[in-house]
Amino acid sequence: MSTNINDLIDDILLCVISFLPPKDAARTSILCRRWRYFYRRCPSIAFDQRNFGGDEEFRTKRFLNIVSSTLLFYKGESLEQFKLVFNANATYELSNCPTYFDSFLRTAREKNIRSLCLEMSYASSSVLHDKTNKLNTENEYCLPSYIFKCASLQMLILKDCTLGTLGSPSLQNLVVLHLIRVESSKQSIQELITNCISLRELAVEGCPLLEKLQISLLKLETLSVRCCHQMKSLRINAPNLFSLNFEADLFNKLDFKFLKPEELRCVRLGLCQQKEYINGIIFELPEPLSSLTRAKEFTKFAMELLNAKNLSLASSSFEDFAIEELLQFAPLQLHKVKHLSLKGWIGSRKSILGVSILLALMPSIESLILEFTENTTEKPQDSTVTDEEPIDFPSIDCLNYTLKRITLRNFVGDEAELILLKHFLEHAVFLDEIRIGWGKEKHVNLDDINMLKNSKSINIID
């Protein structure tokens, strides 16, 4: 059996070369005559300015020239993937490069590009728009409209880019669309998504000017909407949606509506803090609403998640859920949830009660993950949590009937954590196993925790 690499067919060799950095791929041309300029047919091309050395201006010019020459002499019939990472700087601003970028994107389109990833962070600017929330594109490069009319494109990932006038986008074959920290007018993102009728995966994250979004896509399976802090309305009509990752202030009068979420099974929710810092801008959120109003708002949101089986909830503090009215307005709303993951600060009596109320709303939980974080809010931490001050826990049905496994992450064993753990150990009838991942500090040991359990059948592992 021959082990000579030259015995491999061209398609395999091109695939191997595509995993090399551009500089190393070009060096393969000296191996033999067959390999001469072989790299110019690679189906996948990726350029990252951060990998180029030298001073800022020299590095930028050299980077642009190399990308330009590579695409100019590209010999492949089609380009499967093109990735470009470019960081503008004060000495060579992004506005000086439109000719290069237009040439790159035009060549990619002519080569029937299938996957396009662009990351163009504007390092010399810390604030991407002014106080009036109007798009400022004076020194920004706006992507040309013809990119959004590329029939061969199946995957489009845009990071730190600016959308100009789209001009009736038409991406019928696009399957994956990620818009990360994208600057645009209020209508451009909506217009783009509406015309991508074949989307199966969509992510819209960190788009600060986006206020309203309506998603009506029959084939959509995975959706992520995060850090769009100006968003006031989100409506989703996606009957085949399977996974939702949604992060916002759930108690901020957000008009959120699902239309027939028949297949939704995996949900991750994130509550934002009072202040969120993103893209150089601090967003101030309104003061918390009354507990009764917040309970109704959460109930309205929970009503859209009745079919969810996997639920992950991240919060700066679970004190936000210490609303006894939830038990009145949202009885057993999430009765299909089997696997629950909670991440946040659980260091006060009120946060313990918040976790307990959430568990009381989900009577069918089989596995629970608790990831403890530090207190990142401006609320003072309650350091007086002790066993002598019993907490009035609500009735938690999953402890009596279904809960079998608990995983604790970043566990240090402070008073609040031990009170919650002790309640689980005393009331979880069918609990088989507890896995503990210790944090940086460790206030207790495994023997101390074993002393809290009532049943010998519970296996505690660290």
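Colleague: Which residue forms a salt bridge with E205?

Modeller: This is a predicted model: local features need pLDDT of at least 70, side-chain atom pairs count only at pLDDT 80 or more, and totals for chains, interfaces and linings use all residues. Residues are numbered from 1 along each chain as its sequence is written; side-chain values use heavy atoms, with hydrogens and water left out. A salt bridge puts a side-chain nitrogen of Lys or Arg within 4 Å of a carboxyl oxygen of Asp or Glu. Here the closest N and O atoms are 3.2 Å apart, and the partner of E205 is R226.

Colleague: How many residues apart are E205 and R226?

Modeller: Strands (E, at least two residues) and helices (H or I, at least four) are DSSP runs, numbered from the N terminus. E205 belongs to strand β8 (residues 201-205) and R226 to strand β10. The pair links distant parts of the chain, with a separation of 21 residues.

Colleague: Is E205 buried or exposed?

Modeller: Buried means under 20% relative accessible area, exposed over 50%, and partly exposed in between (1.4 Å probe, protein chains only). R226, at 23%, counts as partly exposed. E205 has a relative accessible area of 17%, so its class is buried.

Colleague: How many salt bridges does a search of the whole structure find?

Modeller: E205 with R226 is one of them. E433 with R435 is another, at 3.0 Å between the closest N and O atoms. E433 is partly exposed at 21%, and R435 is partly exposed at 40%. The search of the whole structure finds six.

Colleague: What is the distance between the closest N and O atoms of D160 and R181?

Modeller: D160 is buried at 14%, while R181 is partly exposed at 26%. The two form a salt bridge, and their closest N and O atoms are separated by 2.8 Å.

Colleague: Where in the chain is R181?

Modeller: The D160 and R181 pair links distant parts of the chain, 21 residues apart. D160 lies in the loop between β5 (155-159) and β6. R181 lies in the loop between β7 and α5 (188-194).

Colleague: Which side chain of opposite charge is nearest to E119?

Modeller: E119 sits in strand β3 (residues 115-122). Lys and Arg count as positive, Asp and Glu as negative; His and the chain ends are not counted. E119 is buried yet has no salt bridge. At 4.6 Å, the nearest side chain of opposite charge is K159.

Colleague: Which residues are in contact with E119, leaving aside its neighbours within four places in sequence?

Modeller: Contact means heavy atoms within 4.5 Å. With those neighbours left aside, E119 touches L84, V85, F86, K159 and D160.
One of these, D160, is the salt-bridge partner of R181. The residues in contact with E119 are therefore, by the 4.5 Å contact cut-off, L84, V85, F86, K159 and D160.

Colleague: What is the phi of S168?

Modeller: Most residues other than glycine have a negative phi. S168 is in the loop between β6 (162-163) and β7 (176-180). It is not glycine, yet its phi is positive, near 55°.

Colleague: Is S168 buried or exposed?

Modeller: With neighbours within four places left aside, S168 is in contact with K149 and E191. Its C-alpha atom is 9.7 Å from that of Y146, 22 residues apart along the chain. Because its relative accessibility is 57%, S168 counts as exposed.

Colleague: Is C227 buried or exposed?

Modeller: C227 is in the loop between β10 (222-226) and β11. Its phi is near 55°, positive in a residue other than glycine. Its relative accessibility is 13%, so C227 counts as buried.

Colleague: Which residue in β11 stands opposite L213?

Modeller: β9 and β11 (residues 233-237) pair in the parallel sense over five bridges. Opposite L213 stands L234.

Colleague: What share of the 462 residues in the chain is buried?

Modeller: The chain holds 11 helices and 22 strands. Among contacts between residues at least 6 apart in sequence, 65% join residues at least 24 apart. Buried residues make up 49%.

Terms used. Two strands pair if DSSP finds at least two bridges between them.
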